[in-house]
Amino acid sequence: AAAQAHRHTDGGSPSSCRGQSPAAPDSQNYHQHIQGPTHFPPGRPHSPPTHHRRRPRSKQELAKMPYTRFVEVGRVVLINYGPDAGKIAVIVDVVDGNKCLIDGPTTGVARQVIPYKRLALTDLMVEFEKGSHSKTIEGAMTASDVISKWETTSWAKKLKAKKTRASLNDFDRFKVMVARKQKAKMVADKMASM
């Protein structure tokens, strides 16, 4: 169709008919020439390309992954939104890809279903079975000493310092400023004497 659309009127080569305009193609051939065929050849149905399926990762490959915090039963999480913000709890069961069931009998968090976007995964883990009762979870958290381990992390210390700064009044902030200046002066004098 494209060859017929560009064929010249006298049937000669393009070099033998310079200066002459080519014959106007009919509308059907011109449409196929510009936009291509409007149907697919038989035996080749139009379908999106298929992607190769990945094989399951081995334990060695998982060990090399940079991520070590996963949504799993027993994972200790920090609640970052809502009435229980700032408290820790443990994942009791995974509901679906958007939310999970948590419980915190030793931290004052009631058993509830909460979306993942309101949680932050920590490095701490507690051993218990999926869907365990609150009494069982309380014993597991007490045995693993989760609260003490959490309070010794830098994450918890930063949150505590942020909460303390937010609760200061003007006079407390003034005392902090004076203490910082005194500390800076002591460091400068020590460096100058060395």
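Modeller: The protein exposes about 15,300 Å², of which carbon and sulfur atoms supply 56%; accessible areas come from the Shrake-Rupley method with a 1.4 Å probe, and for residues only the protein chains shown count as cover. This is a predicted model, in which local features need pLDDT of at least 70 and side-chain atom pairs count only at pLDDT 80 or more, while totals for chains, interfaces and linings use all residues. Residues are numbered from 1 along each chain as its sequence is written, and side-chain values use heavy atoms, with hydrogens and water left out.

The protein contains 7 helices and 5 strands, where helices (H or I, at least four residues) and strands (E, at least two) are DSSP runs numbered from the N terminus. Along the sequence their pattern is α-α-α-β-β-β-β-β-α-α-α-α. Of the 194 residues, 20% count as buried; buried means under 20% relative accessible area, exposed over 50%, and partly exposed in between (1.4 Å probe, protein chains only).

The part I would examine is helix H4 (134-144). Its buried residues are Ile137, Ala140, Met141 and Ser144. Seen down the axis of H4, these residues fall within an arc of 95°, so they line one face of the helix; the arc is that of the directions from the helix axis to the C-beta atoms. On the other side of H4, Lys135, Thr142 and Ala143 are exposed. The buried residues of H4 pack against strand S2 (88-94), S3, S4 and helix H5 (146-151), a contact meaning heavy atoms within 4.5 Å. After H4 comes aspartate 145, with a positive phi near 55°.

Serine 132 counts as buried because its relative accessibility is 10%. Leaving aside residues up to four places away in sequence, serine 132 touches Val92, Arg111 and Ile137. Ile137 is one of the buried residues of H4.

Strand S3 (residues 99-104) and strand S4 (residues 109-115) run antiparallel and are joined by 5 bridges; two strands pair if DSSP finds at least two bridges between them. Lysine 99 has proline 115 in S4 as its bridge partner. The hairpin of S3 and S4 has 4 residues between the strands, and there glycine 108 takes a positive phi near 85°.

Arginine 111, which serine 132 touches, also forms a salt bridge with aspartate 103, the closest N and O atoms being 3.1 Å apart. A salt bridge is a side-chain nitrogen of Lys or Arg within 4 Å of a carboxyl oxygen of Asp or Glu. Aspartate 103 counts as buried at 3% relative accessibility, whereas arginine 111 is partly exposed at 35%.

The whole structure holds 8 salt bridges. Another of them pairs aspartate 123 with arginine 69, with the closest N and O atoms 2.6 Å apart. This pair links distant parts of the chain, 54 residues apart: aspartate 123 is in strand S5, and arginine 69 is in the loop between helix H3 (59-64) and strand S1 (75-79). Aspartate 123 is exposed at 52% relative accessibility, and arginine 69 is partly exposed at 37%.
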